[in-house]
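My entries follow in the order in which I made them.

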Amino acid sequence: MMMTRRSFSTAVIAGAAASLISARGVAASTPTPASGAVKSAPLKARNVVLAHGLFADGSCWTEVIARLQAKGLNCTAVQNPLTTLPEAVEAAQRVLDRQDGPTVLVGHSFSGMIVTEAGVHPKVSALVYVAARAPDAGEDYTALAKTYPTPPASAGIVFDGDEGRLTEEAFLRDFAGDLPKAKAEVLYAVQQPFQKALLSGKTTQAAWRSKPSWYAVSTEDRTINPDLERFMAKRMGAKTIEVKASHLSLISHPDTIAHLILEAAGH
């Protein structure tokens, strides 16, 4: 059947409209990377490097590490010197240098600063933040935190000269509030003091702008405001979970945190 000029034009217009609708549908279903960032696709990794924050040492990852090792992953906990941010980042970079392939870099609490800075390392395939700081490049994290209500643990920080630590009361109530008291008391006894200079450090880059990211928000956190955690997770476009836990979800909910890390590792 021969098509008239009018029917041909109608068909062309209809086809163009259908194509436009289809294109819009695809665009609407495609997530937009955080702040215009272009993130690489996650790689399957068998290595995990874990960094600890203030008032702790590398042993705080023991329960999570046991679960990851049971799944065949190679794990290393960084012993963060808690002196200055550059020295803490260098400690993590030395561990990352030793890895034999794609590596998931995990940080709890303050060590989110380390993850954000050291996460640009070429061996890092994904980032995992556990109730952690996640500043942008050059951002004043302290100023950012002040835009949210001050968490109770802040009042429990005491200094001996330039060396800071948490009081026992604040540690048990505001840092490790959902752990059995006996366990929390052991953790308090081994807390590692930090140097005041550590708190003034600023990241020079933000790895979460280019690396796939995961974030575990602690909904009962009294050390970092949970709404601040949600803000940082959303800003980075992280795959986010919420854990009904104190600041120490890695100890009170190790199965949940290990599962999140396994997901980031592609397992």
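I find an open sheet of six strands in the order 2-1-3-4-8-9, with parallel pairing. At its edges I note strand 2 (74-78) and strand 9 (239-243), each of which pairs on one side only. Neighbouring strands of this sheet are turned against each other by 15 degrees on average, direction ignored.

**Basis of the entries**

I am working from a predicted model, in which local features need pLDDT of at least 70 and side-chain atom pairs count only at pLDDT 80 or more, while totals for chains, interfaces and linings use all residues. Residues are numbered from 1 along each chain as its sequence is written, and side-chain values use heavy atoms, with hydrogens and water left out.

I take strands (E, at least two residues) and helices (H or I, at least four) as DSSP runs numbered from the N terminus. Two strands count as paired if DSSP finds at least two bridges between them. Angles run from 0 to 180 degrees between N-to-C directions, with axes fitted to C-alpha atoms, for helices over the stretch in contact.

**Strand 3**

I looked up the pairing of strand 3 on both sides. Strand 1 and strand 3 pair in the parallel sense over five bridges, and Ala51 has Gly107 as its bridge partner in strand 3. Strand 3 (residues 103-108) also pairs with strand 4 (residues 124-130), in the parallel sense over six bridges; there the bridge partner of Gly107 is Tyr129.

Helix 2 (residues 62-70) lies across strand 1 (47-51) and strand 2, at about 160 degrees to strand 2. Helix 8 (residues 226-235) lies across strand 8 (213-218) and strand 9, at about 165 degrees to strand 8.

**Asn80**

I then turned to Asn80, in the loop between strand 2 and helix 3 (85-97). Asn80 is buried, with a relative accessible area of 1%. Its side chain reaches the backbone nitrogen of Leu82 at 3.0 Å. Leaving aside neighbours within four places in sequence, Asn80 is in contact (heavy atoms within 4.5 Å) with His52, Ala88, Ile114 and Gln192.

How values were computed:
Buried < 20%, exposed > 50% of the residue type's maximum accessible area, 1.4 Å probe, protein only. Polar contact = N/O pair within 3.5 Å; in protein donor to acceptor, adjacent residues only side chain to side chain.
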